Amino acid sequence: MSEKKIAPFSLDFNLITGMCDSGKAKPTRRFVSNMVKQFNDTAAAEEIVKNGDQPIYDFYELDQIPETGGDLKFGTSIVFPGKVGDEYFMTKGHFHTLLDTGEVYFCLSGQGAMLMETPEGEVSLIEMKPGEAVYVPPRWAHRSINTGKEKLVTFFVFRADAGHDYGTIEQKGYRKLVVERDGKPTMIDNPRWDA
């Protein structure tokens, strides 16, 4: 079986919006309706959906890069500002299918946090701000959370054959939530976490 060969190339990403202005990478958009059960306050999420739904985040990723161990997938993630109840807008979050895969996120604009946890229960919350990179080690599920009033824009890179395991998070949730308390982001126990 011959492997797909790819030629060197460059790709534009707007440093403020995260968009691929040339159109060479197409966005995928997730709405509140796609993530109702991911939020602790499902009634608040259902109310948002009933009143017209809202986008939570977009991501741009190149499909044309082959999913082989020697290649790298990369793109941008744009998390919109907002909350469901007192919980900030966030990405779905995932483990990698190849669990021993790390990932790097570089914050281009906005402010937020990266919530991470291992299958064994270690939890980490790292602030994200422009000009700083967050390293997600192998075996850590991760989700970007917008704790600010502007879009949180990050650039990400990971091993192309790593895959995404969204199902574990959809089924069990994260052990912790990031919510607003007294005007500030605070990490609390997830009362609905399914051990």
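M35 is found in the loop between β1 (27-31) and α1 (42-50), where helices (H or I, at least four residues) and strands (E, at least two) are DSSP runs numbered from the N terminus. The model is a predicted one, in which local features need pLDDT of at least 70 and side-chain atom pairs count only at pLDDT 80 or more, while totals for chains, interfaces and linings use all residues. Residues are numbered from 1 along each chain as its sequence is written, and side-chain values use heavy atoms, with hydrogens and water left out.

With a relative accessible area of 1%, M35 is buried; buried means under 20% relative accessible area, exposed over 50%, and partly exposed in between, with a 1.4 Å probe and protein chains only. Not counting residues up to four places away in sequence, M35 touches I56, Y57, M90, T91 and K92, a contact meaning heavy atoms within 4.5 Å. G110 lies 75 residues from M35 in sequence, and the two are 22 Å apart in space, C-alpha to C-alpha.

E122 is found in the loop between β7 and β8 and is partly exposed, with a relative accessible area of 49%. Leaving aside neighbours within four places in sequence, E122 is in contact with M116, E117 and W140, and W140, 18 residues away in sequence, is 8.7 Å from E122 in space, C-alpha to C-alpha. D165, in the loop between β11 and α2 (167-172), counts as partly exposed at 23% relative accessibility. Apart from its neighbours within four places in sequence, D165 is in contact with H94, F95, H96 and T97, whereas the C-alpha atoms of D165 and E47, 118 residues apart along the chain, are separated by 28 Å.

Taken as a whole, the chain has 2 helices and 13 strands. Its radius of gyration is 17 Å, close to the 16 Å that the globule rule gives for 195 residues, so the chain is as compact as a globular protein of that length; the radius is taken over C-alpha atoms, and the rule is 2.2 Å times the number of residues to the power 0.38. Of the 195 residues, 43% count as buried, and among contacts between residues at least 6 apart in sequence, 67% join residues at least 24 apart.

The largest pocket is lined by 17 residues, of which Y88, Q111, T147, G148 and P185 lie nearest its centre. The elements that give two or more residues to this lining are β7 (112-117), β8 (123-128), β12 (176-181) and β13 (184-189), and the largest share, 3 residues, comes from β8.

Of the 19 residues that line the second largest pocket, the closest to its centre are F59, H94, Y105, H164 and Y166; H94 is also one of the residues in contact with D165. At least two residues of the lining of the second largest pocket are supplied by each of β2 (55-61), β6 (103-109), β10 (141-146) and β11 (152-159).

Note on methods. 1 Å grid on protein atoms, 1.4 Å probe; cavity = no way out; pocket = protein on both sides within 12 Å on 5 of 7 lines; lining within 4 Å.
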